[in-house]
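Colleague: I would like a close look at one part of this model. Please keep it brisk and give the cut-offs as you go.

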Amino acid sequence: MAITVTDMAQKTKFSAIFLSLVCSNIAFAGEWQFEPSILIDETYTNNVGLVTNNEKSSFVNQAGINIDSTYKARNAIFNFSSKSTYATYSHNHDLDDDFHTIASDFRLQLWPNGIILIGSADISNQSRNGSKNALADIVSADTVQVGTYRGGIEYNINNSVFIVNSALGYNQTKSEDDIGDSEGVIANINSTNGKGARDFFWDLEHSYQELKNNSQEGKLSESEAKFGLITDYKINPFIRYYNEDNSGNITNPNRTIESSSYGLGLRWLISPRLYLDTSYNKPIGNKLDLDGNAQKEYINAEITWQPSSRTRLEASFSERFYGDSYGLNFTHRNRRLTNTVSYIEDIQTLTRNNFSANIIGYYFCPSSSISSTEDCILEDGTNIFPDNPSDPDNPGYQIFPIQDFILVEDNVFSLNKTLTWNSTLALARTTITLNVNRQKRDNLETRIKDETSAASLNFKRDISSRSNLSLDLSYTETNLQIDTELERIDRYRRYQIAYQKSLNSALLVNLAISYLDRNSNSSILNYQEGRISAKITKGF
């Protein structure tokens, strides 16, 4: 979908003018900020294809326009951030293309404690195939555009008697390669008693998704309800009901992925800011767990602790159709340190996280470690040996398959366990940021597990009031088809040092040097890449 630089500039210019004219009518009713800028990013890479052998260097030039805009009024908030870039590649101009990213959302409150109109649009350029290259980006020319759009309403009430937070929306995900597309309804409601409750308390949570992709359909529903009696003591009894139902035509009829139970419990008010809920629960009906066994009675426990407005901890232990289930949400911040830790277990479908093993060919290769398929001879189906008659007698060669993973439609339910940890330490002139993420995916159809882990550490030091120096260290690991004969582990290590200088209030210069090393237990996928980049951003 390549276009000329002039065409791209005109399209972006017209979009910016149109946006300004539309929003100018409401600017008088609120605060409006509009910040356009242009950028030029020149990057040199010594291995643009991210390959093992026959590396090609390239100068990748990106020229684009950024638009950042915000509108704030008493009952409305609108955020819009857009970047349109045209990239050219010196080694192969057939790859020249335009790229767009958008992050936008709005909230329009129709009346206090009532209905709020909401909407959002997110367009990003993601790695085309995370198993092939998890860190592929625009410079490596191996991305795919993915857009997510949402519109709907929220209904929120907060008073001394009860609190309600609810949302109903329509969500659509569309990708350039049509993998991971979905559309459907998403709804959720949360309600609890207010501080003025004297006799009864309750906690209600319900979420529902109905996602479709052509003829494929998946429905995900989860509900939990607690109703209790407030007593004059620190022990308050309650009843609990839980129901989870995942269904649709993508469900294997021979596998149960639902659970339902009820139980009796006690809420222990340890202190005004700390309480513990425990209940003994009995399954409803004769449902089986994921392994085909009868679901059994279990203990559910939840603890909530909020010692101050800056610190909150929520932790839970329960049991679902797949076995033990855990949850964690911790936030803490003070003047210099901010910490956020969360652990979530959820069911997903129609994503871009499903990979299938694929044999790319049978090769006649050395029996020693293989660094490239170019050292091998591809089997043509009739003669597996090379033309040289002496080669078949070489005991150092043998025939075996070379396999890779391809991204496929995710027409199954999967159990995803995600741990996220973010910490920021802000000192006088130095900021240290740590991000850790780990996701384990269990395909509930094949029971094959994949795992992705990532960690990054950033040191940023202000050299002066207008310049800073930063060091980024990151590690990414993908482990596909764990505990199978096709299991593969890929490890990425990236190091980057960058310098940023503000020449004036509207002109910013960024210089960076980076090195990337990929190590895989399939040696033909190993590679190294070095980059040098210079970016200039001019605001208006």
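Colleague: Take Ile532. Is Ile532 buried, partly exposed or exposed, and what is its relative accessible area?

Modeller: This is a predicted model, so local features need pLDDT of at least 70 and side-chain atom pairs count only at pLDDT 80 or more, while totals for chains, interfaces and linings use all residues. Residues are numbered from 1 along each chain as its sequence is written, and side-chain values use heavy atoms, with hydrogens and water left out.

Ile532 has a relative accessible area of 49%, so it counts as partly exposed. The classes are buried (under 20% relative accessible area), exposed (over 50%) and partly exposed (in between), with a 1.4 Å probe and protein chains only. Ile532 lies in strand 27 (residues 527–539). Strands here are DSSP runs of E with at least two residues, numbered from the N terminus.

Ile532 belongs to a nonpolar surface patch. A patch takes residues with over 30% relative accessible area and no salt bridge, and joins nonpolar side chains (Val, Leu, Ile, Met, Phe, Trp, Tyr) within 5 Å. A salt bridge means a side-chain nitrogen of Lys or Arg within 4 Å of a carboxyl oxygen of Asp or Glu. Two or more patch residues come from each of strand 23 (449–464), strand 24 (467–480), strand 25 (488–504) and strand 26 (507–520).

Next, a charge over a ring. The charged end of Lys538 sits over the ring of Phe540, 4.8 Å from the ring centre. The criterion is NZ of Lys or CZ of Arg within 6 Å of the ring centre and within 35 degrees of the ring normal.

For contrast, take a buried residue. Val146 has a relative accessible area of 5%, so it is buried. Val146 is placed in strand 6 (residues 143–158). Leaving aside residues up to four places away in sequence, Val146 touches Asp122, Ile123, Ser124, Gln126, Thr173, Lys174, Ser175 and Arg352. Contact here is heavy atoms within 4.5 Å. Val146 and Lys174 are 28 residues apart along the chain, yet their C-alpha atoms are separated by 5.8 Å.

Methods
Helix = DSSP H or I, 4+ residues; strand = E, 2+ residues; numbered from the N terminus. Patch = residues over 30% accessible without salt bridge, like charges linked within 9 Å, V, L, I, M, F, W, Y side chains within 5 Å. Areas by Shrake-Rupley, 256 points an atom, 1.4 Å probe, with all protein chains shown as cover.
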